[in-house]
Amino acid sequence: MTSDSPEQLTLLRDTVRKSRTKAPAEITETLPVARIAVDVSLPHLDRPFDYLVPDDLAAAAQPGARVKVRFAGKDLDGFVLERLAESDHDGKLVRIRKVVSAEQVLRPEVAELCRAVADRYAGVLADVTRLAVPPRHAKVEAEPLRYDQPAPPPLSTSRSEWAPYPPGFLDALARSESPRAIWTAVPGADWALAFAQAAAVCSAAGRGALLLAADARDLERLATACTTVLGESGFVVLSADLGPTARYRAFLAALRGTARVVIGTRAAAFAPVTELGLVALWDDGDESYAEPRAPYPNAREVLLLRAFKQNCAALLGGFARSAEAAAVIDSGFAGELIAARPAIRAAAPSVHITGESDTDLARDRMARAARLPHRAFEIAREGLKTGPVLVQVPRAGYLPSLVCQTCRAPSRCSACGGTLRRTGGAGPASCSICGRPAADHRCPECGDTRMRAAVVGARRTAEELGRAFPGVLVRTSGGDNMLDHVPDQPALIVSTPGAEPVAAAGYSAALLLDTWLMLTRPDLRAPEEAVRRWLNAAALVRPASAGGTVILVGDPSALPLQVVVRWSPEGFAAREVEERRAAHLAPAAKLAELTGPAESVADLVERLRALLPASAGLEVLGPVDVDDETVRAVVRTPRAAGTQLARALKDAQSARATKKNPGSVRVQVDPPSFG
């Protein structure tokens, strides 16, 4: 027996290895090129790339499918955007490595919307698709196709909540047209039921609807209304709060077309609704609609873009009206949907303003401790005879900030300079930053050791009201203790703005305290935000014909308070737009906030100056220091040059990334607040 030579053994091993290696599949002959959106967040690589489609992947690699591709030496995720007969790339193309899922989760119309959102906010497509398409769950995709049942018809076709308004909007929806409206709801309107009824009209016409609410509490109200009108299987809820598995299951239900109506928070703005006929959003001024992740889109703008791109109806509703919504009316993109003045007056409570000086305070010692003016004290006492009374306090906590009893100088921590506060009725004040007790505090201005509240928080107000109204139940709503509903029985409900629970039969009265505090926030949007918060609270009160009364404690000459008295949010919003136009502020101008190291921000600004023509009217405000290492600058142009500004910001960021300039700059177009 002879042994093989080393050369023979090497040849044998190579032969065996080749026999075990599967030959690569041929490239498909039908549309062999796939254009892929690769998951890369670098601005200079924000474009699709072409790959070859192997024959064994051709059936699965359809537009919208998730794939794996080789990019810059790594395996990266991506979405197929389209299939092509040939590529315009001059170099050699590589193959798609794998189809992760044949489920077409990124529909062409949603991909187009994502591209438009990225361009509008000077962002990259990959960041937007992460917002639009939830992470994959293979087990959910493999579940029995129980969603493949046709959407059931609505349980109700009633339009009862729309009776106070002109019928044109719903009539157009029923004809499968695409009306667009800014809806100002009458006081006390059940907006959730109105949304559900509009969705039912749309669904009955064979089209889908997408309804957004600002937070989980409003979403629950909307879900309850949709269950009544559409039935439990007539809609799906799509929200980040559902958890990844339930969210992906709801996403697939919408994708597969078995639920015509999708409701959710801002996470649902990109939901793949089949045959979309209506997008609707409630209370568009709420900052919850602003996405905190790059490129920071606002759900309101996403829905308006979607209505334009997909030619569907749009409805922005609220008791108040934002300046942005008023600007949409001015642009001609949407009309105004509002009830006649007699209907508004019939539904509104009686609204009054009372001063907050010491001479206005109630004579009752306990009421004075709660800083209730005499008129507010009397209204609360009368209201408690017939139902609950709402008390809105602009600050949470006990005594959120303290000042010197004698000279009113702010009381600050001797260790770090933070504001002193009290979180309960017992014990010394403590620092809001470092938590150090301030038992030995002495005012540096006058030497007094005594302190008083600069602003009384909700918990302290509730405590004082309990003493002023002995025997009356006092409940608080805010922070981690949010109430959704309260029964129709006498009680004082102390709430921070936005946390007001709904009363079963409406509040008999509402006291809106410390209105000056909401108007003096360091934000140019403060008056608009204050009006929105006050109108939302006042809308929970019974009509004046049923004894409903609202008391605003503040300066009677302040215009925002007068808006609530007259219940005229549309006029106030129009005035805000005119004032912002004169001041070159959003929405009349296009703004972008640049935040980062001073050298990086300065470099980005210089690049913008070079990229934008003089006709764009670029203005640079700042920079100002944010902290020791960070500055903030604001750049702005007239609204007409907004597209140029966004493109220039993107190009400037791309140039910096290409040259690997140090320092990252956060770019936020149309920031939700500015001041």
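Buried means under 20% relative accessible area. All views show a predicted model.

**View 1. Cysteines of an annotated binding site.** UniProt, in an unreviewed entry, places the feature "binding site" at C404, C407, C443 and C446. C404 sits in strand β15, residues 401–404. Its relative accessible area is 1%, so C404 is buried. C446 belongs to the loop between β17 (430–431) and β18 (451–455). With a relative accessible area of 39%, C446 is partly exposed.

**View 2. A negative surface patch.** E26, E29, D55 and D56 form this patch. D55 is found in the loop that runs between β2 (49–52) and β3 (66–71). D55 is partly exposed, at 47% relative accessibility.

**View 3. Salt bridge between R97 and D75.** The structure holds 48 salt bridges. One of them joins the side chains of R97 and D75, at 3.0 Å from N to O. R97 is in strand β5 (residues 96–101) and D75 in strand β4 (residues 74–84), so the pair ties together parts 22 residues apart in sequence. D75 is partly exposed, at 37% relative accessibility.

**View 4. Salt bridge between E109 and R107.** The closest N and O atoms of this pair are 3.8 Å apart. E109 is partly exposed, with a relative accessible area of 26%. R107 is buried, at 16%.

**View 5. Salt bridge between D284 and R300.** Here the closest N and O atoms lie 3.1 Å apart. D284 is in the loop between β10 (276–282) and α9 (299–310), and R300 is in helix α9, so the bridge ties together parts 16 residues apart in sequence. Both D284 and R300 are buried. Salt bridges with shared partners link R120, D284, R300, E301, K590, R639 and D670 into one network.

Methods: Residues numbered from 1 in each chain as written. Predicted model: local features only at pLDDT ≥ 70, side-chain atom pairs only at ≥ 80, totals over all residues. Heavy atoms only, no water. Patch = residues over 30% accessible without salt bridge, like charges linked within 9 Å, V, L, I, M, F, W, Y side chains within 5 Å. Areas by Shrake-Rupley, 256 points an atom, 1.4 Å probe, with all protein chains shown as cover. Salt bridge = Lys/Arg side-chain N within 4 Å of Asp/Glu carboxyl O. Lys, Arg positive; Asp, Glu negative; His and termini not counted. Charge placed at Lys NZ, Arg CZ, Asp CG, Glu CD. Helix = DSSP H or I, 4+ residues; strand = E, 2+ residues; numbered from the N terminus. Buried < 20%, exposed > 50% of the residue type's maximum accessible area, 1.4 Å probe, protein only. UniProt positions renumbered as here; feature names shortened; annotations may be inferred.
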